[in-house]
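This briefing walks through a single protein chain, topic by topic, for a reader who is new to structures. Please keep the sequence and the 3D view at hand while reading.

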Amino acid sequence: MYCRIVNNAAVDVVGSYKDRFHASLHSGFVKCPDDVVAGWVYDADADTWSAPVLPEPEAEPEAEA
């Protein structure tokens, strides 16, 4: 699999990019593990991938009795 990286996040995750994207975008693609999906974060220094940390949903206010 290959991912196009924008701001350290996978944007496009594809099996092959050379026949699907303009040549000017090819330099933005890197090889990635098969379980990576769009939105995963890439740490180039450590060469690791991680799922994004989603914010906790805000608790709904309790109804007053």
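How many salt bridges does the count come to? The count comes to 1 salt bridge, and the model in which this bridge is found is a predicted one.

**Overall form**

- Read from one end of the sequence to the other, the chain follows the pattern β-β-β-β-β, and its radius of gyration is 17 Å, well over the 11 Å that the globule rule gives for 65 residues, so the chain is more spread out than a compact globule.
- Taken along the principal axes, the box that the C-alpha atoms of the chain fill is roughly 65 × 25 × 20 Å.
- Of the 65 residues in the chain, 20% are buried, and the chain exposes about 5200 Å² of surface, of which carbon and sulfur atoms supply 52%.
- Among the contacts in the chain with a separation of 6 or more, 46% are accounted for by residues 24 or more positions apart.

**Aromatic rings**

- A pair of aromatic rings is described by two quantities, namely the distance of the centres and the angle of the planes.
- A search of the whole structure finds 4 aromatic pairs, and one of them is the stacked pair of Tyr-17 and Phe-29, with 4.4 Å from centre to centre and 5° between the planes.
- Tyr-17 lies in the loop between β2 (9–14) and β3 (29–31), whereas Phe-29 lies in strand β3 itself, so this pair ties together parts that are 12 residues apart in sequence.
- Which residues form one aromatic cluster? The members of the cluster are Tyr-2, Tyr-17, Phe-21 and Phe-29.

**The charged pair**

- Side chains of opposite charge can pair when their charged atoms come close.
- In this chain the side chains of Arg-4 and Asp-12 meet in a salt bridge, with 2.7 Å from N to O.

**Cysteines**

- A disulfide is a covalent bond between the sulfur atoms of two cysteines, and a search of the whole structure finds 0 disulfides.
- Is Cys-3 buried or exposed? With a relative accessible area of 0%, Cys-3 is buried, and Cys-32 is also buried, with a relative accessible area of 7%.

**The loop between β1 and β2**

- Asn-7 is found in the loop between β1 (2–6) and β2, and its phi is near 55°, a positive value in a residue other than glycine.
- Asn-8 is found in the loop between β1 and β2 too, and the phi of Asn-8, near 65°, is again a positive value in a residue other than glycine.
- As for accessibility, Asn-7 counts as exposed at 76%, while Asn-8 counts as partly exposed at 47%.

**The loop between β2 and β3**

- Ser-16 is found in the loop between β2 and β3, where it is partly exposed, with a relative accessible area of 36%.
- The C-alpha atoms of Ser-16 and Gly-39 are separated by 18 Å, and these two residues are 23 residues apart along the chain.
- Arg-20 is found in the loop between β2 and β3 as well, and at 57% relative accessibility Arg-20 counts as exposed.
- Between the C-alpha atoms of Arg-20 and Pro-33, which are 13 residues apart along the chain, the separation is 19 Å.

How values were computed:
Residues are numbered from 1 along each chain as its sequence is written. This is a predicted model: local features need pLDDT of at least 70, side-chain atom pairs count only at pLDDT 80 or more; totals for chains, interfaces and linings use all residues. Side-chain values use heavy atoms; hydrogens and water are left out. Rings of Phe, Tyr and Trp (its six-membered ring) pair if their centres lie within 6.5 Å; planes under 30 degrees apart count as stacked, over 60 as edge-to-face and the rest as tilted. Helices (H or I, at least four residues) and strands (E, at least two) are DSSP runs, numbered from the N terminus. A salt bridge is a side-chain nitrogen of Lys or Arg within 4 Å of a carboxyl oxygen of Asp or Glu. The radius of gyration is taken over C-alpha atoms; the globule rule is 2.2 Å times the number of residues to the power 0.38. Buried means under 20% relative accessible area, exposed over 50%, partly exposed in between (1.4 Å probe, protein chains only). Contact means heavy atoms within 4.5 Å. Accessible areas come from the Shrake-Rupley method with a 1.4 Å probe; for residues, only the protein chains shown count as cover. A disulfide is a pair of cysteine sulfur atoms within 2.5 Å.
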